[in-house]
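Please view the sequence and the structure first, and then read the points grouped by topic.

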Amino acid sequence: MLSRVARPALRAGAAAIPARVTNNAAGYATLREIEGRLKSIRNIEKITKTMKIVASTKLTRAQRAMADASKYGQTSGEVFESAETKPLEAEGKKTLYIVCSSDKGLCGGVHSGLSRYIRRTLGPGQPEADLVLIGEKARSQLTRTNSSDIVLSFAGVGKDVPTFADAQAIADQITQLPGDYSDIKILYNKFINATSYEPSVVPAYSEEAILASANFSAFEVDEALVGNLREYALANSLYWALAEGHACEISARRNAMDNASKNAGEMINKYQILFNRTRQAVITGELVEIITGATASEDM
């Protein structure tokens, strides 16, 4: 039979044990949650690191393709520059913008920059223009604000390094548009270096503008072939723009995955510290329970 002195201590110990058990159960649940989050973040870090390695491998190939494609576009530009070709300013005629993006994301703001440029250019008080969108990213972003200006769009772009055949097929569809445009501008991301790029415009000209060139006669081109020259020059410029935009996309994806991996590493460190502290608190609670039980047993 217990003494009167031991009974109050026993009642206090019995009242304290259920509360500590409940706290430990909550601690175990929290530990499982933190462990699950750590596992998820580690898996994300593995994915982002792998994507960074893949993008780094593709970047060299994309830069090589960009250098080859620039010869096409720059040569066409030199021809029109020598011929002093200029856009025709005619009333009632629109400007056609060809926006070169792709179907893939996870590459920072490489596509959003093109969309912002179009929204500023075609904003309130600006002249009307039509849009040809290359890539699902540009279409999904500009459909919300400029859906009435879109006359043609292309999908399936950006899966691999662009080729001249791709640019030629796109140029063929553009030349068949029913609209009569005074000016054609190709909007793309200009590759500055491996960490920066900016939206730029390459001009393309209509047949009337080519025929009206001041020095066009010096090239001795038959007027019946001007349509072919125009389509070929448009394909050259598109090939250049698509190849350079592809290099910018790969570079931006590598940088984005590098930043994502660093952020995941920081989160892993924070959650690991939280996990260790929570586990230590659970262990301390268990030790307190053991000591309290042992003390209560001794007092009986």
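**Briefing on the predicted model**

Asp130 is found in strand S2, which spans residues 129-134; strands (E, at least two residues) and helices (H or I, at least four) are DSSP runs numbered from the N terminus. The model is predicted, so local features need pLDDT of at least 70 and side-chain atom pairs count only at pLDDT 80 or more, while totals for chains, interfaces and linings use all residues. Residues are numbered from 1 along each chain as its sequence is written, and side-chain values use heavy atoms, with hydrogens and water left out.

**Surroundings of Asp130**

- Asp130 has a relative accessible area of 9% and is therefore buried (under 20%; exposed is over 50%, partly exposed in between, with a 1.4 Å probe and protein chains only).
- The side chain of Asp130 makes a polar contact of 2.9 Å with that of Tyr181 and another of 3.5 Å with that of Lys94.
- A polar contact is a pair of N or O atoms within 3.5 Å; within protein, one must be able to donate a hydrogen and the other to accept it, and residues adjacent in sequence count only if both atoms are side-chain atoms.
- Beyond its neighbours within four places in sequence, Asp130 is in contact (heavy atoms within 4.5 Å) with Lys94, Thr95, Leu96, Tyr97, Asp149, Val151 and Tyr181.

**Aromatic pairs**

- Six aromatic pairs are found in a search of the whole structure.
- Because Phe80 lies in helix H1 (residues 6-82) and Tyr205 in the loop between strand S5 (196-204) and helix H5 (207-211), the pair ties together parts 125 residues apart in sequence.
- Rings of Phe, Tyr and Trp (its six-membered ring) pair if their centres lie within 6.5 Å; planes under 30 degrees apart count as stacked, over 60 as edge-to-face and the rest as tilted.
- Phe80 is buried at 11% relative accessibility, and Tyr205 is buried at 14%.
- Tyr72, Phe164, Tyr232 and Tyr239 are linked into a cluster by ring pairs.

**Cysteines**

- The structure holds zero disulfides (pairs of cysteine sulfur atoms within 2.5 Å).
- Cys107 is buried at 1% relative accessible area, and Cys248 is buried at 1% relative accessibility.
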